[in-house]
Amino acid sequence: MKLLIAFLAGLLMSVGMAISKMIDPQKVLAFLDLSGDWDPSLALVMAGALAVYSVGYRLFIHKPAPLFDKQFYLPTARYIDNPLLIGAAVFGLGWGMVGYCPGPAISALSSGSSGTLGFVLAMTAGWFIARKIKLPFSQA
């Protein structure tokens with residue numbers, strides 16, 4: 001049941017990203033281009049997502065566990081460290097350069113675009129490489 005719920009939640013998020021056009025790199029880049037032809041519509045998507053999450057969080061965080069798992073999995077780190085800062089910078093650079101971040105890129109695979117496939121393959125390779133090498137700022 002847990003796997004089915006995870007699949008349905010992922011499917012719902014993917015459909016939402018497609019409807020909001022967050023899987024269109026040109027739309028994302030237009031949102032990030034504050035000095036050019038700025039498109040603020042994705043801010044509404046983000047605000048809507050934050051509103052839904054906030055209400056859901058408040059409704060369910062006081063429960064002993066989620067409906068289909070034994071516990072909630074909440075972040076435990078309470079400070080900003082080098083891996084967080086460097087990861088955020090790399091994420092932001094990648095998002096700003098090509099208009100994709102991981103979730104929308106995976107959702108956009110259904111478009112059949114070779115550029116999207118290349119991005120997801122490079123992202124996956126980077127993830128595996130980062131897990132294998134010990135970086136000087138890494139805590140692992």
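Asp69 is partly exposed, because its relative accessible area is 23%, where buried means under 20%, exposed over 50% and partly exposed in between, for a 1.4 Å probe and protein chains only. The model is predicted, with local features requiring pLDDT of at least 70 and side-chain atom pairs pLDDT 80 or more, whereas totals for chains, interfaces and linings use all residues. Residues are numbered from 1 along each chain as its sequence is written, and side-chain values use heavy atoms, with hydrogens and water left out.

The structure holds 2 salt bridges, a salt bridge being a side-chain nitrogen of Lys or Arg within 4 Å of a carboxyl oxygen of Asp or Glu. In one of them, Asp69 pairs with Lys2, and the closest N and O atoms are 3.5 Å apart. This pair links distant parts of the chain, 67 residues apart: Lys2 belongs to helix 1 (residues 2–19), and Asp69 to the loop between helix 3 and helix 4 (82–98). Helices are DSSP runs (H or I, at least four residues), numbered from the N terminus. Lys2 is likewise partly exposed, at 46% relative accessibility.

A salt bridge also joins the side chains of Asp39 and Lys27, with an N to O distance of 2.9 Å. Since Asp39 lies in the loop between helix 2 and helix 3 and Lys27 in helix 2, the pair ties together parts that are 12 residues apart in sequence. Both Asp39 and Lys27 are buried.

Lys27 also takes part in the packing of helix 2 against helix 3: together with Val28 and Phe31 of helix 2, Lys27 meets Ser41, Leu42, Ala43 and Met46 of helix 3, contact meaning heavy atoms within 4.5 Å. By class, this contact comprises 5 nonpolar, 1 polar and 1 charged residues. The axes of helix 2 (residues 25–32) and helix 3 (residues 41–60) come within 8 Å and cross at roughly 95 degrees; axes are lines fitted to C-alpha atoms over the stretch in contact, and angles run from 0 to 180 degrees between N-to-C directions. The two helices are therefore roughly perpendicular, the class for angles of 65 to 115 degrees.

Aromatic pairs are rings of Phe, Tyr and Trp (its six-membered ring) with centres within 6.5 Å; planes under 30 degrees apart count as stacked, over 60 as edge-to-face and the rest as tilted. The count comes to 5 aromatic pairs. Among them, Trp127 and Phe128 form an edge-to-face pair, because their ring planes lie at 70 degrees, with the centres 4.8 Å apart. Trp127 is partly exposed at 47% relative accessibility, and Phe128 is partly exposed at 44%.

Terms used:
Angles under 35 degrees count as roughly parallel, over 145 as roughly antiparallel, 65 to 115 as roughly perpendicular and the rest as oblique. Ala, Val, Leu, Ile, Met, Phe, Trp, Tyr, Cys and Pro count as nonpolar, Asp, Glu, Lys and Arg as charged, and the others, Gly among them, as polar.
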